[in-house]
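Please have the structure open while you read.

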6 protein chains.
Amino acid sequence: MRANPISTNLDFGRDGVQHGHLKLPHSHDGSAWGAIMIPITVAKRGDGPTLLLTGGNHGDEYEGPIALYALARSLEGQDFQGRVIIVPAMNFPAFKAGRRTSPIDGGNMNRLFPGKPDGTVTEKIADYFQQQLLPMADYVADIHSGGKTLNFLPFCGIHHLADSAQQARAQAAMEAFGAPYSVISLEMDPDGMYDTAAEAMGKVFISTELGGGGSASATTVAIAKRGLDNLLKHAGVFPGMPAPGDSQLLDMPDERCFVTSESSGLVEYCLDLGEAVSEGQTIALVYDLDRTGTAPQAYKSQIDGLFFGRHFPGLIAIGDPVGIIGVPP
Amino acid sequence: MRANPISTNLDFGRDGVQHGHLKLPHSHDGSAWGAIMIPITVAKRGDGPTLLLTGGNHGDEYEGPIALYALARSLEGQDFQGRVIIVPAMNFPAFKAGRRTSPIDGGNMNRLFPGKPDGTVTEKIADYFQQQLLPMADYVADIHSGGKTLNFLPFCGIHHLADSAQQARAQAAMEAFGAPYSVISLEMDPDGMYDTAAEAMGKVFISTELGGGGSASATTVAIAKRGLDNLLKHAGVFPGMPAPGDSQLLDMPDERCFVTSESSGLVEYCLDLGEAVSEGQTIALVYDLDRTGTAPQAYKSQIDGLFFGRHFPGLIAIGDPVGIIGVPP
Amino acid sequence: MRANPISTNLDFGRDGVQHGHLKLPHSHDGSAWGAIMIPITVAKRGDGPTLLLTGGNHGDEYEGPIALYALARSLEGQDFQGRVIIVPAMNFPAFKAGRRTSPIDGGNMNRLFPGKPDGTVTEKIADYFQQQLLPMADYVADIHSGGKTLNFLPFCGIHHLADSAQQARAQAAMEAFGAPYSVISLEMDPDGMYDTAAEAMGKVFISTELGGGGSASATTVAIAKRGLDNLLKHAGVFPGMPAPGDSQLLDMPDERCFVTSESSGLVEYCLDLGEAVSEGQTIALVYDLDRTGTAPQAYKSQIDGLFFGRHFPGLIAIGDPVGIIGVPP
Amino acid sequence: MRANPISTNLDFGRDGVQHGHLKLPHSHDGSAWGAIMIPITVAKRGDGPTLLLTGGNHGDEYEGPIALYALARSLEGQDFQGRVIIVPAMNFPAFKAGRRTSPIDGGNMNRLFPGKPDGTVTEKIADYFQQQLLPMADYVADIHSGGKTLNFLPFCGIHHLADSAQQARAQAAMEAFGAPYSVISLEMDPDGMYDTAAEAMGKVFISTELGGGGSASATTVAIAKRGLDNLLKHAGVFPGMPAPGDSQLLDMPDERCFVTSESSGLVEYCLDLGEAVSEGQTIALVYDLDRTGTAPQAYKSQIDGLFFGRHFPGLIAIGDPVGIIGVPP
Amino acid sequence: MRANPISTNLDFGRDGVQHGHLKLPHSHDGSAWGAIMIPITVAKRGDGPTLLLTGGNHGDEYEGPIALYALARSLEGQDFQGRVIIVPAMNFPAFKAGRRTSPIDGGNMNRLFPGKPDGTVTEKIADYFQQQLLPMADYVADIHSGGKTLNFLPFCGIHHLADSAQQARAQAAMEAFGAPYSVISLEMDPDGMYDTAAEAMGKVFISTELGGGGSASATTVAIAKRGLDNLLKHAGVFPGMPAPGDSQLLDMPDERCFVTSESSGLVEYCLDLGEAVSEGQTIALVYDLDRTGTAPQAYKSQIDGLFFGRHFPGLIAIGDPVGIIGVPP
Amino acid sequence: MRANPISTNLDFGRDGVQHGHLKLPHSHDGSAWGAIMIPITVAKRGDGPTLLLTGGNHGDEYEGPIALYALARSLEGQDFQGRVIIVPAMNFPAFKAGRRTSPIDGGNMNRLFPGKPDGTVTEKIADYFQQQLLPMADYVADIHSGGKTLNFLPFCGIHHLADSAQQARAQAAMEAFGAPYSVISLEMDPDGMYDTAAEAMGKVFISTELGGGGSASATTVAIAKRGLDNLLKHAGVFPGMPAPGDSQLLDMPDERCFVTSESSGLVEYCLDLGEAVSEGQTIALVYDLDRTGTAPQAYKSQIDGLFFGRHFPGLIAIGDPVGIIGVPP
């Protein structure tokens with residue numbers, strides 16, 4: 001087994017707040033001996049649990065990176081106990097390019113775990129998390145949003161786990177995070193996810209979707225900041241008690257929650273996220289771009305619930321998700 | 001002077017609702033004798049004013065196209081008097097590509113008027129509007145939104161015009177449209193705009209910005225649909241009286257309304273559109289992507305007002321607009 | 001082993017004619033939760049053999065897709081017994097792009113069997129054929145043509161197989177197909193081919209090359225349609241007897257059948273496909289693009305035979321095939 | 001007026017056969033002081049008319065370049081009187097790239113006459129023909145084919161001209177050329193064509209379309225070679241009499257000769273070039289790529305005649321020509 | 001005439017050292033209301049001549065930008081009299097991209113003077129220099145190098161001018177600059193050059209070529225820094241006397257100084273810059289990439305002189321300059 | 001295990017000088033049955049050792065290819081004993097494109113050993129060296145230079161090897177080569193290197209870095225030519241004794257020899273290669289491109305030594321090597 005070539009100038013065992021880089025050598029046409037320099041902060045004070053806090057798993061999701069660059073900077077004067085490891089942009093090449101996936105190898109970070117030490121750039125980063133960072137962590141929070149092509153009501157989520165004690169710890173963390181919505185779901189396609197990697201190691205893992213569209217608002221960033229602060233308090237790293245707001249629990253029980261487009265064109269939404277929807281109600285219309293005067297294709301909800309997530313861009317293609325419906329328990 | 005090569009299978013003088021195309025021959029590597037087929041609807045019944053209604057002047061703005069494909073389809077059973085010409089996507093190649101500008105020639109339609117009959121594809125389309133469509137119109141409404149890189153509070157706007165009678169007619173049309181916000185501005189850089197072309201012919205011209213981000217919500221589409229319906233009633237083409245909602249008038253008196261980024265990085269907004277802002281208040285912070293632990297650059301408002309428009313994507317570059325502040329009169 | 005993520009809304013065991021899709025989730029920058037929707041038709045009536053009929057293994061070959069979209073549509077009113085599975089465009093992303101290989105991953109479908117369930121998009125499709133579709137089939141016909149860069153006399157072909165009974169069944173199917181030319185060849189480089197995968201499972205497998213150039217004529221499409229109709233009759237799925245036309249058998253006994261270019265330039269063919277050629281005869285001349293007045297490079301046949309296949313584009317590169325000579329037995 | 005920067009090492013007034021280049025300085029990122037070197041041959045012997053023979057006006061049409069590289073090389077030992085100027089690839093950057101238009105500036109040479117001495121690369125070449133080469137010529141033959149996206153029955157064509165004596169001279173040249181088909185047409189859109197530039201100077205101008213698909217066959221190249229040989233004899237430059245074969249005269253009297261696609265998809269032709277077609281007969285079907293089982297769109301001839309030209313690639317888009325019907329007089 | 005949209009936050013008439021930007025609004029797909037921010041420094045103290053100092057006319061030439069960023073920063077504590085305007089990277093988009101020409105419009109700045117206020121981005125910048133900056137200047141120095149594709153012995157150059165007094169002033173400035181080599185040349189193709197624009201206004205204009213290859217050495221940067229310091233002293237803006245080193249005068253009397261490649265391949269230079277060369281001596285060999293064992297093409301000097309400039313990359317194309325020979329007077 | 005598809009028309013066991021190709025079938029959109037034709041020369045006479053001589057391991061390094069095309073051509077008339085195998089451009093697709101890595105698959109040849117017979121194009125080439133060419137060799141010399149993005153003082157290098165006898169043989173070969181500098185280093189990251197593959201087979205392996213910048217000078221090519229001639233004499237294949245010049249031995253003892261950029265911008269070098277440098281001395285300054293008047297970032301040597309290697313382009317990015325310091329023993 002080859003060794004992962006990533007190195008760092010930080011000492012994970014040293015007390016204090018350190019800002020530095022994960023250095024991944026990357027030989028390419030633009031720099032024969034170049035490197036990818038992934039920002040990282042390690043803050044440690046005495047004993048206590050380790051939190052691994054990440055954003056930019058997909059490079060076009062911004063609430064996580066904003067809250068984490070801000071948190072990293074605030075730690076210097078902060079009272080805390082234990083260790084916080086912050087990587088605000090896991091797929092850093094994707095993040096710098098403003099893209100979901102890496103411009104170097106097309107890698108979707110969240111489908112490439114456990115990674116490979118001698119694989120693509122994205123696989124090398126995943127392997128470093130798998131081999132080096134995840135094993136150090138007690139709590140792992142990975143802050144996602146919808147990215148450029150999806151939009152969601154802001155939620156924190158966990159998975160149904162085989163180990164009920166582990167699931168109870170995750171649920172407690174999710175409740176402490178206190179996003180406006182909370183989701184416990186059965187992951188249908190767990191292969192390659194960071195979530196799966198962390199959960200398989202027995203970590204307390206939570207994730208979020210906090211908006212979307214490739215942008216971030218003051219409102220959604222505030223959810224991320226408060227949620228992370230709550231989690232740090234919940235873990236006992238920050239002093240004080242978490243102060244989660246009200247959170248609406250939602251389920252996505254089966255395939256009926258997902259409406260998929262069978263046509264390509266201009267999409268008109270007939271209701272907005274957060275509105276109630278009933279079975280048979282038209283969610284969206286898709287118009288043929290090439291001619292006026294023809295009937296648009298109507299897409300209807302297959303279930304009663306809350307309009308929870310949608311395709312973001314104005315144009316939609318066959319196979320894209322038209323809408324996701326959440327169901328209050 | 002060469003002739004514009006655009007032809008159409010529609011008869012602008014005939015009564016009835018016709019759906020067809022503007023056909024622009026376009027010889028390219030993928031089709032030697034190909035053509036660009038721009039959808040157009042002409043609806044005429046008896047005498048009465050002509051309204052020219054357009055969207056997709058920029059190809060990544062969606063409230064206009066959605067409202068206009070819907071309107072074109074609804075006219076068949078509609079009671080009306082006069083003529084309605086609908087081009088839901090002026091820069092059709094840009095619209096099909098989901099881009100602000102044309103993928104063929106990079107043309108920004110709203111900077112290329114009066115166009116050229118033997119110019120680029122975008123200039124030929126502009127010339128066709130200048131020579132053929134605008135002269136037929138009494139009222140012109142061009143529905144814009146912020147597109148993929150800007151976001152605005154939804155407003156309808158007109159320009160200060162030298163001819164006060166023309167300005168009064170435009171103001172009446174804007175008031176009839178009834179967007180949540182209304183803006184009368186002095187265009188600083190009118191060269192090449194469709195607005196300028198229409199105004200110079202003495203037309204009643206209104207424009208809008210109805211959201212942004214390269215997406216559209218049910219809420220913003222409803223503003224477009226209701227505004228167009230109101231305008232058609234105001235012009236006497238549709239029966240009934242316009243029913244505009246309350247509209248807040250805003251000014252952008254001088255350069256202090258515009259805050260420009262002097263750095264490139266990750267942008268955190270400290271308040272959301274629609275919130276009041278005071279002089280000296282921080283609107284946004286810009287973080288260096290390449291390292292944690294450094295101070296972000298703060299951008300402050302130079303004036304008291306309403307936070308009215310912003311950069312949409314999560315990453316910002318030097319020279320991009322951080323925020324636009326509107327000032328109630 | 002990870003599971004292949006492709007799902008379908010069709011029921012392969014149900015009687016009737018079903019048109020639907022193979023849905024392959026594909027997360028990319030343009031759609032985070034997007035999917036590739038590969039059209040498929042399944043027609044079943046009672047008991048009988050299963051035919052798996054495919055085109056678009058290479059995305060720029062058109063006789064197969066045309067004949068198969070037409071066949072799929074005609075089955076509704078057709079009298080048949082057994083099962084027909086039609087995938088008119090196996091490498092659907094390549095087919096939509098009009099390219100030999102996938103625009104997503106560059107995958108050449110016919111070099112990636114048996115595929116991988118967690119590989120590239122093209123490998124996932126190959127794996128689905130390997131694991132799901134091929135095992136259901138008794139007869140497999142894969143309709144190829146030369147594509148944008150090759151042109152062939154229209155032939156149906158099979159391979160020399162270790163199992164002589166299997167080869168005899170394939171030869172009977174080829175004879176039933178009844179293309180103008182028939183070829184029994186020894187595949188020199190079988191790794192990764194769909195042919196190899198099907199033959200290794202003991203299926204009756206036939207393939208074709210029915211023209212080329214990235215186009216299709218009424219004549220070559222008629223060969224595909226009649227051949228498929230004949231095959232369906234041969235298998236007893238369609239009623240009636242196959243009516244193959246005369247077919248000329250051809251061999252490609254050794255390396256002398258292949259003439260390779262050793263230069264790059266403009267290629268002039270000295271004879272057309274279907275003409276007899278003798279050893280030492282000049283097939284083509286290659287001119288230097290950069291200057292007039294120099295001697296072109298001449299390429300000669302190394303064998304007596306029939307001019308059977310050629311490079312299609314007007315420009316040729318070193319290593320490209322100048323000509324393929326077939327030898328009547 | 002700036003001077004055209006093209007220079008040449010050839011002397012147009014000197015007797016003998018000279019092979020050289022038109023040198024067009026071209027400063028670009030790959031070579032600050034680079035140049036485009038366009039091959040040219042000038043052959044002169046004593047007095048007599050000047051023929052300007054060209055190919056590669058569109059870079060993906062090959063009968064002209066092949067016949068002209070061959071002709072240029074054959075002149076050394078040839079008996080002739082007068083002057084022959086050969087530019088086998090007018091749009092040389094397009095020709096080297098195997099594209100209709102220039103990869104440098106996207107220029108379609110045949111839409112950019114009379115060119116500009118300080119314009120784009122393509123405009124500079126056009127200007128050089130306009131200012132330097134065309135004025136020297138008595139006869140001008142520009143050998144076109146359909147290129148990668150069109151296919152034609154092979155014809156030689158001239159335009160209806162205001163000057164009937166000039167038209168008669170062109171008709172005599174066309175008849176001497178002796179292509180299988182001959183067409184006298186009214187150019188609907190003459191702006192920017194090389195044809196128009198030559199005709200406006202009073203030259204005897206003929207053009208061809210000799211096949212297509214971005215390839216050339218021995219048969220179509222033979223038509224080009226024999227036609228040029230005939231023209232040189234007709235002009236008295238080569239000794240002997242032209243020996244044209246039978247040529248079928250065809251008209252394209254009005255818009256009914258052109259059938260345009262109103263949909264995008266996979267195109268199936270129902271008859272081949274050269275077949276008779278009657279009004280109302282289906283020429284082609286266009287299938288939706290995204291699903292099987294739906295009815296294809298049928299395209300029908302609007303006139304009785306001969307199926308004369310068609311779209312070449314297997315995929316077709318809205319606005320593309322489905323078919324061109326020629327009408328025998 | 002439209003106005004140039006470039007604005008600046010600097011006051012050219014105010015005493016002091018100001019660092020700021022030329023702001024050019026640039027609406028594109030990545031930022032609808034974006035701008036190009038070109039760095040500029042203006043330093044003024046009392047009365048005295050104005051020097052306009054520029055680099056990055058071509059974006060891949062580095063001695064000028066390095067010397068000018070350094071000079072701009074040093075002016076704060078510097079004793080000077082008069083005005084210095086520094087634009088270290090004229091074609092700023094090209095400079096940021098590390099390319100000779102603009103990535104936005106392909107513009108070669110030094111071929112686009114006098115520019116256009118409503119033209120491309122590059123033309124707008126040229127127009128701003130033409131209309132705003134050049135008129136303010138007494139002395140203009142434009143620091144070039146060979147860029148990525150050329151390499152030169154370091155020289156300062158001026159042109160033969162119709163006005164002998166102006167030429168004498170330029171020669172005095174060139175002599176003060178004191179580069180290792182000095183060249184007085186007749187510009188063969190002056191259209192569109194910044195040089196021509198400045199000279200036509202009667203300015204004292206000098207230019208340089210200080211190395212190449214898209215890199216800069218400490219040695220060549222020192223030549224630029226010392227040369228600019230000398231020029232500022234020569235003009236009386238900096239105190240003290242210029243201290244030019246020895247400079248070798250060179251001529252390029254005619255076309256024989258330029259050896260052009262007639263082939264494409266791998267280039268081997270047989271001597272290095274600065275070596276003496278005699279007529280008939282082989283400068284370089286060009287090898288065919290595609291095969292070993294063939295004779296390379298030899299390129300020979302047509303004149304006695306000094307090997308003065310060459311193609312830099314290891315691969316060369318037809319039309320590229322193999323070598324430039326300078327001739328001592 | 002699949003077989004490597006590369007074949008050759010050369011016979012490695014036959015006496016004489018043969019020039020030919022390694023033919024690697026490569027099916028792609030531009031040629032369905034195309035091939036990559038890698039030039040190779042094999043010269044054999046009687047018994048004696050085999051030398052495998054390569055260049056173009058990275059495609060933008062030119063001293064190796066120039067010296068080896070020249071050597072291949074010179075062997076015909078040369079007196080020698082044994083066998084010489086020359087592949088002047090290992091990564092031939094990269095070499096033809098003038099890039100470090102392959103334009104087909106992005107492959108960096110020197111990170112892909114031992115290759116894969118059914119992998120990417122680059123991996124297939126590596127596998128052919130691993131399985132076919134390396135086993136035949138006694139001595140292996142791989143001629144590198146810095147390429148487009150690095151520049152080095154010219155050196156020949158070997159690695160510290162576990163087998164001291166093998167290392168002694170390599171050192172003797174390095175001393176015979178006689179480059180101006182010689183380096184014995186401990187390879188920190190040997191995975192995937194050609195060096196490692198050759199050394200693991202017990203071959204005498206030497207490598208070089210002979211300049212850089214993507215260019216070659218007469219001086220550096222002479223070092224390559226003389227070094228190869230010396231090596232051939234040292235091995236006893238060429239008659240005579242090696243005549244190495246003086247060579248300075250250098251070490252790179254630890255991480256202090258490498259200075260890495262932590263910022264992106266315009267780089268000014270404060271000294272040139274070959275100059276002595278002391279600990280704490282500033283090697284280079286990096287300027288912010290976006291504004292004048294700010295302090296550049298200074299990069300200092302961490303050790304006393306010789307300035308030995310540097311980043312070549314004028315722009316530098318975070319993670320790029322600023323400088324490499326060699327330490328005389």
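1. Let me begin inside chain C, where Arg100(C) forms a salt bridge with Glu61(C), with 3.6 Å between the closest N and O atoms. A salt bridge here is a side-chain nitrogen of Lys or Arg within 4 Å of a carboxyl oxygen of Asp or Glu. The two residues are 39 apart and link distant parts of the chain: Arg100(C) is in the loop between α2 (92-97) and α3 (121-133), Glu61(C) in the loop between β4 (50-54) and α1 (63-74). Arg100(C) is buried at 6% relative accessibility, and Glu61(C) is buried at 2%. (Buried is under 20% relative accessible area, exposed over 50%, partly exposed in between, with a 1.4 Å probe and protein chains only.)

2. A word on the basis. This is a predicted model, in which local features need pLDDT of at least 70 and side-chain atom pairs count only at pLDDT 80 or more, while totals for chains, interfaces and linings use all residues. Residues are numbered from 1 along each chain as its sequence is written, chains are lettered from A in the order in which they are written, and side-chain values use heavy atoms, leaving out hydrogens and water.

3. Chain C has another pair for you to check: Asp15(C) and Lys44(C) meet in a salt bridge at 2.9 Å, N to O. Asp15(C) sits in the loop between β1 (7-8) and β2 (16-25) and Lys44(C) in strand β3 (35-45), so this pair ties together parts 29 residues apart in sequence. Asp15(C) is partly exposed at 42%, whereas Lys44(C) is buried at 17%. Helices (H or I, at least four residues) and strands (E, at least two) are DSSP runs, numbered from the N terminus.

4. In chain B, the side chains of Asp229(B) and Lys233(B) form a salt bridge of 2.7 Å. They are four residues apart in helix α6 (218-234), which means about one helical turn separates them. Asp229(B) is partly exposed at 26%, as is Lys233(B) at 23%.

5. Now the interface of chains A and B. Contact (heavy atoms within 4.5 Å) involves 48 residues of chain A and 48 residues of chain B. The buried area, meaning accessible area (1.4 Å probe) lost on being put together and summed over both parts, is about 3700 Å², with carbon and sulfur atoms giving 59%. On the chain A side, Tyr69(A), Arg73(A) and Thr292(A) lose the most area, together 17% of what that side buries.

6. Four salt bridges are counted between chain A and chain B. Among the salt bridges is Lys96(A) with Asp290(B), at 2.9 Å.

Technical notes. Buried area is the accessible area (1.4 Å probe) that two parts lose on being put together, summed over both.
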